[in-house]
Amino acid sequence: MRPCNAPECARAVRRAAGHGQGVDVYAWPGRPAAHRLQLPVRSTPCRGTCPRRPTKLPSPPAVSHRREQHRDMEDAVNRVVEYYHESVTNYLDPRSEDWLLSRSILVPLTLIGSYLYFVKKCGPAFMANRQPYNVKSIMIVYNIIQIIANAYVFISAAQLWVSELKSITCQPIDYSVTETTRQMANLVWMYYVLKIADLIDTVLFVLRKKGSQATFLHVYHHCAMVMGGYLGCRFMLNGHVFLLGVINAFVHTVLYSYYLLAALRPETREASWKKYITVLQLVQFVILFVHNIFPLVTPDCHIQKIWSVILVVQNVFMFAMFSDFYAKAYCSKKKKQA
């Protein structure tokens with residue numbers, strides 16, 4: 001006679017209890033011990049024919065297969081979490097965890113989201129039935145502040161970078177707390193604030209109804225630099241990537257100097273020499289591309305390679321975008337004039 005399962009034997013026990021009889025209870029072959037029914041046992045088997053087992057109850061092989069799937073999924077999740085901690089959490093710089101604007105990644109994400117919403121939807125809708133605002137005075141003051149701030153970051157950061165340079169091909173991050181590392185960290189945070197301030201430039205475009213100047217290149221570049229500034233504060237307060245801030249601060253000093261001249265003298269916008277500002281930006285991308293290739297090909301370079309990979313890809317993309325802008329803005333004009 002086949003063994004009874006738990007529900008069957010429970011019913012058999014109730015029937016046998018009315019006649020003062022015992023019942024044998026056998027576990028299914030392979031049934032987990034936690035599911036076995038513990039009952040008083042005599043040598044008398046179940047009387048009568050035990051009903052068939054419920055068809056909805058999974059067979060032991062199906063249960064085993066599901067448990068294996070659950071274990072595999074749990075292992076995969078644990079591996080992802082472990083990789084995240086090894087690659088991200090363990091490299092967070094504790095020196096900047098309480099700084100304003102860099103305590104959480106929600107700060108740059110909120111700024112970028114608000115910026116995109118205003119530039120692409122809210123701002124144009126607000127200006128749809130309005131005349132352009134005269135913000136010339138604001139632009140002049142804004143550009144002067146940007147020139148002074150970027151020049152200060154460039155000069156200070158360049159001096160520190162040269163004094164602390166140990167290798168042009170592989171410069172690990174110094175996590176020690178010294179006067180020099182503190183100054184470098186403060187400059188990284190100031191650079192991050194300047195990238196946030198760059199967003200005002202596009203806001204002024206919208207208020208002047210110059211929405212055509214808020215191109216994909218312009219908007220993407222500003223958003224990427226805000227996120228880059230945040231990541232610099234949380235992961236790279238010095239080290240190999242520090243050169244990016246040095247070069248970019250110099251380029252923006254030149255760029256905002258041109259914007260100031262254009263605000264004071266509108267005819268400057270037609271100057272033939274302004275194309276060299278774009279050339280300067282292209283040179284910047286080439287230098288940073290080569291500089292971030294070095295850690296990837298240098299043996300025994302103990303820095304986070306993921307940032308070098310991201311910056312290599314980013315600079316290739318930006319070089320392609322700015323090259324396209326240069327070709328459309330200057331090469332096409334020459335063809336038309338010819």
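The legends below describe close-up views of one predicted model.

Residues are numbered from 1 along each chain as its sequence is written, and side-chain values use heavy atoms, with hydrogens and water left out. Because the model is predicted, local features need pLDDT of at least 70 and side-chain atom pairs count only at pLDDT 80 or more, while totals for chains, interfaces and linings use all residues.

**View 1**
Helices (H or I, at least four residues) and strands (E, at least two) are DSSP runs, numbered from the N terminus. Along the sequence the pattern reads α-α-α-α-α-α-α-α-α-α. The chain has 338 residues, and 36% of them count as buried. Buried means under 20% relative accessible area, exposed means over 50%, and partly exposed lies in between (1.4 Å probe, protein chains only). The accessible surface is about 20,400 Å², with 64% belonging to carbon and sulfur atoms. These areas come from the Shrake-Rupley method with a 1.4 Å probe; for residues, only the protein chains shown count as cover. Of the contacts with a separation of 6 or more, 78% join residues 24 or more positions apart. A contact means heavy atoms within 4.5 Å.

Leu187 is buried, at 7% relative accessible area. Gly245 is 58 residues from Leu187 in sequence, and their C-alpha atoms are 8.8 Å apart.

**View 1. Ser156 sits in helix α4.**
Helix α4 covers residues 136-164. Ser156 counts as buried because its relative accessible area is 17%. A polar atom of the Ser156 side chain lies 2.9 Å from the backbone oxygen of Tyr152. An α-helix has 3.6 residues a turn, so residues three or four places apart point the same way.

**View 2. Helix α8 is mostly covered.**
Helix α8 covers residues 242-264. Of its 23 residues, 17 are buried. From first C-alpha to last, α8 reaches 34 Å, close to the 33 Å expected at 1.5 Å a residue. The expected span is 1.5 Å times one less than the number of residues.

**View 3. Cys170 and Cys301 form a disulfide.**
The whole structure holds 1 disulfide (a pair of cysteine sulfur atoms within 2.5 Å). The sulfur atoms of Cys170 and Cys301 are 2.0 Å apart. The pair links distant parts of the chain, 131 residues apart. Cys170 is in the loop between α4 and α5, and Cys301 is in the loop between α9 (275-297) and α10 (305-337). The torsion about their S-S bond is about 95°, so the disulfide is right-handed. Both Cys170 and Cys301 are buried. Cys223 is buried too, at 12% relative accessibility. Cys122 is partly exposed, at 32%.

**View 4. UniProt annotates several spans as "transmembrane region".**
The unreviewed entry lists residues 100-119, 140-162, 189-207, 219-237, 243-264, 276-294 and 306-327. UniProt positions are given in the numbering used here, feature names are shortened, and annotations may be inferred rather than shown by experiment. In the model, residues 100-119 are 70% helix and 0% strand, with end C-alpha atoms 25 Å apart. Residues 276-294 are 100% helix and 0% strand, and the end C-alpha atoms there lie 27 Å apart.

Definitions and conventions. A polar contact is a pair of N or O atoms within 3.5 Å; within protein, one must be able to donate a hydrogen and the other to accept it, and residues adjacent in sequence count only if both atoms are side-chain atoms.
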